[in-house]
Amino acid sequence: MADDALQGRQSFKDALLILAEASRKLEAQGVARPILVGGAAVEFYTAARFISGDFGIVTPSQDKLEAVLRELGFETPRDGTRGLQNYALNIGIEVVGSRLLDGMGSIDHVSRIEFEPGFYVDFIGVEDLIADRVAQADATSRLDRDRLEQAIVLFKMLVDRIDRPYLSHQIEQQAPGRSLEWFEVEVYAFPGKI
């Protein structure tokens, strides 16, 4: 899956390899591996159907991660925004939390993907990512169709590997008032092929 997801996205792959190296260095120090979440995880899982310009990271050790990333070519953004930036790759990294989905996500569902021998990146589990996108879509007074489309495409592309009972629980937990049954109606009403 890693090769398919990175077709034509060399800077994305290079940034993932830097994150893998940072993860390896942190793990050697006894620090928990960072987890890639948000738009970059959507980009990877959907084989770049949706493009992200930055990496959202969850880690309980932001200072240690940022120190390692600085050693590997990231720097403070010149425009004063948050996170770190690698200007050569045009990729930013921002720590968005210390716990996966503020403690509602499951480490047991995290996917560890190898990009080159010995270079792994931990990604938010697809069920947590789908539920998060549903919750974000539902968070506004009008349903955010872009976020919902991301959840639908994730579901359709990865349906064979989804833990349906867990996804059902996560949708109900993260998007109160919504259910897997409601989401599946949206999935099957989605126009076009994936």
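This is a predicted model: local features need pLDDT of at least 70, side-chain atom pairs count only at pLDDT 80 or more; totals for chains, interfaces and linings use all residues.
Contact here means heavy atoms within 4.5 Å.

**Helices α5 and α7**

Helix α5 covers residues 126-138 and helix α7 covers residues 164-174; their axes come within 9 Å and cross at roughly 30°. That makes α5 roughly parallel to α7, since angles under 35 degrees count as roughly parallel. The crossing has a hand too: for α5 and α7 it is right-handed.

Who actually meets whom? On the α5 side you'll find Glu-127, Asp-128, Ile-130, Ala-131, Asp-132, Val-134 and Ala-135, and across from them in α7 sit Tyr-166, Leu-167, Gln-170, Ile-171 and Gln-174. Sorted by class, this contact of α5 with α7 has 7 nonpolar, 2 polar and 3 charged residues.

**Helix α4, a helix with two sides**

Now move to α4, residues 62-71, whose buried residues are Leu-65, Glu-66, Val-68 and Leu-69. These cover an arc of only 160° around the axis, which puts them on the same side of α4. As background, an α-helix has 3.6 residues a turn, so residues three or four places apart point the same way. Look at the other side of α4 and you'll see Asp-63 and Glu-71, both exposed.

What do the buried residues of α4 pack against? Their partners are α2 (10-28), β2 (54-58), β3 (84-86) and β4 (91-97).

**Helix α3, mostly hidden**

Helix α3 (residues 38-45) is largely enclosed by the rest of the structure, because 7 of its 8 residues are buried. The buried ones are Gly-38, Ala-40, Ala-41, Val-42, Glu-43, Phe-44 and Tyr-45.

|---|---|---|

**Ile-93, a buried strand residue**

One more stop: Ile-93, which lies in strand β4. Is Ile-93 buried or exposed? With a relative accessible area of 4%, Ile-93 is buried, as buried means under 20%.

Leaving aside neighbours within four places in sequence, Ile-93 is in contact with Phe-55, Ile-57, Leu-69, Phe-74, Gly-83 and Leu-84.

Val-42, remember, is among the buried residues of α3.

Notes:
Residues are numbered from 1 along each chain as its sequence is written. Side-chain values use heavy atoms; hydrogens and water are left out. Buried means under 20% relative accessible area, exposed over 50%, partly exposed in between (1.4 Å probe, protein chains only). Helices (H or I, at least four residues) and strands (E, at least two) are DSSP runs, numbered from the N terminus. The arc is that of the directions from the helix axis to the C-beta atoms. Axes are lines fitted to C-alpha atoms, for helices over the stretch in contact, and angles run from 0 to 180 degrees between N-to-C directions. Angles under 35 degrees count as roughly parallel, over 145 as roughly antiparallel, 65 to 115 as roughly perpendicular and the rest as oblique. A crossing is left-handed if the near helix is turned anticlockwise from the far one by less than a right angle, and right-handed if clockwise. Ala, Val, Leu, Ile, Met, Phe, Trp, Tyr, Cys and Pro count as nonpolar, Asp, Glu, Lys and Arg as charged, and the others, Gly among them, as polar.
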